[in-house]
Amino acid sequence: MGDAYAMIIPFFAHHDGSEIYVSNSAPAVGDEVEFRFRVSLDIKLDRALIRIYHDGEARIFEMSAIQSDLVEVWWSVTVPIFNPITAYRFIL
């Protein structure tokens, strides 16, 4: 992978699961957790969703752009935790 690849990928969207991006890394069932990611201003993102599962059924939640600066926009959503282990995916 050349330098062009290195310049494009880091600026698209970022979420690494750390406490900067997830408000509670070990939530209990019934807790609410904020999930966040950031995306470069170069990417025109009009809508973002998060998909989590409740008893095997997908649940979709709309995310909101919450802050921006000259480089990036942060997106966020707070969702209830339904299961002891919560898998999630962002839909951009």
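How many residues lie between β5 and β6 in the hairpin that they form? There are three residues between these two strands in the hairpin. This is a predicted model, in which local features need pLDDT of at least 70 and side-chain atom pairs count only at pLDDT 80 or more, while totals for chains, interfaces and linings use all residues. Residues are numbered from 1 along each chain as its sequence is written, and side-chain values use heavy atoms, with hydrogens and water left out.

**The open sheet**

- Four strands form an open sheet in the order β1-β2-β6-β5, with antiparallel pairing; strands here are DSSP runs of E with at least two residues, numbered from the N terminus, and two of them pair if DSSP finds at least two bridges between them.
- β1 and β5 (64-68) stand at the edges with a single partner strand each, so one side of each is left without a neighbour in the sheet.
- Strand β1 (residues 13-14) pairs with strand β2 (residues 32-40) in the antiparallel sense over two bridges, and within this pairing Ala13 stands opposite Val39 in β2.
- β2 also pairs with strand β6 (residues 72-80), in the antiparallel sense and over nine bridges; Val39 has Val73 as its bridge partner in β6, and Phe37 stands opposite Trp75 of β6.

**Salt bridges**

- A search of the whole structure finds two salt bridges, the term being used for a side-chain nitrogen of Lys or Arg within 4 Å of a carboxyl oxygen of Asp or Glu.
- In one of them, the side chains of Glu72 and Arg38 meet at 3.0 Å, N to O, and this pair links distant parts of the chain, since Glu72 belongs to strand β6 and Arg38 to strand β2, 34 residues apart.
- Glu72 is buried, with a relative accessible area of 15%, whereas Arg38 is partly exposed at 27%; buried means under 20% relative accessible area, exposed means over 50%, and partly exposed lies in between, with a 1.4 Å probe and protein chains only.
- The side chains of Arg47 and Glu62 also meet in a salt bridge, at 3.1 Å, N to O; Arg47 lies in the loop between β2 and β3 (49-54) and Glu62 in strand β4 (residues 57-62), so the pair ties together parts that are 15 residues apart in sequence.
- Glu62 itself is partly exposed, with a relative accessible area of 43%.

**Loop residues and their contacts**

- Asp69 is found in the loop between β5 and β6 and is partly exposed, with a relative accessible area of 42%.
- The side chain of Asp69 reaches two backbone nitrogens, that of Val71 at 2.7 Å and that of Glu72 at 2.8 Å; a polar contact is a pair of N or O atoms within 3.5 Å, where within protein one must be able to donate a hydrogen and the other to accept it, and where residues adjacent in sequence count only if both atoms are side-chain atoms.
- Asp69 and Ser40 are 29 residues apart in sequence and 9.8 Å apart in space, C-alpha to C-alpha.
- Asn83 has its place in the loop between β6 and β7 (88-91) and is buried, with a relative accessible area of 14%; a polar atom of its side chain lies 2.7 Å from the backbone oxygen of Tyr53.
- Asp55, in the loop between β3 and β4, is exposed, with a relative accessible area of 63%, and has a positive phi of about 50° although it is not a glycine.
- Most residues other than glycine have a negative phi.

**The largest pocket**

- The largest pocket has a volume of about 170 Å³, a volume being the space filled by probe spheres set on grid points that are joined across faces, edges and corners.
- A pocket is an open set of points, on a 1 Å grid over the protein atoms alone, where a 1.4 Å probe fits, with protein on both sides within 12 Å along at least five of seven lines, and lining residues have an atom within 4 Å of a point.
- Lining this pocket are 13 residues, of which Val22, Asn24, Ser25, Pro27 and Thr86 lie nearest its centre.
- The lining divides into nine nonpolar, four polar and no charged residues, where Ala, Val, Leu, Ile, Met, Phe, Trp, Tyr, Cys and Pro count as nonpolar, Asp, Glu, Lys and Arg as charged, and the others, Gly among them, as polar.
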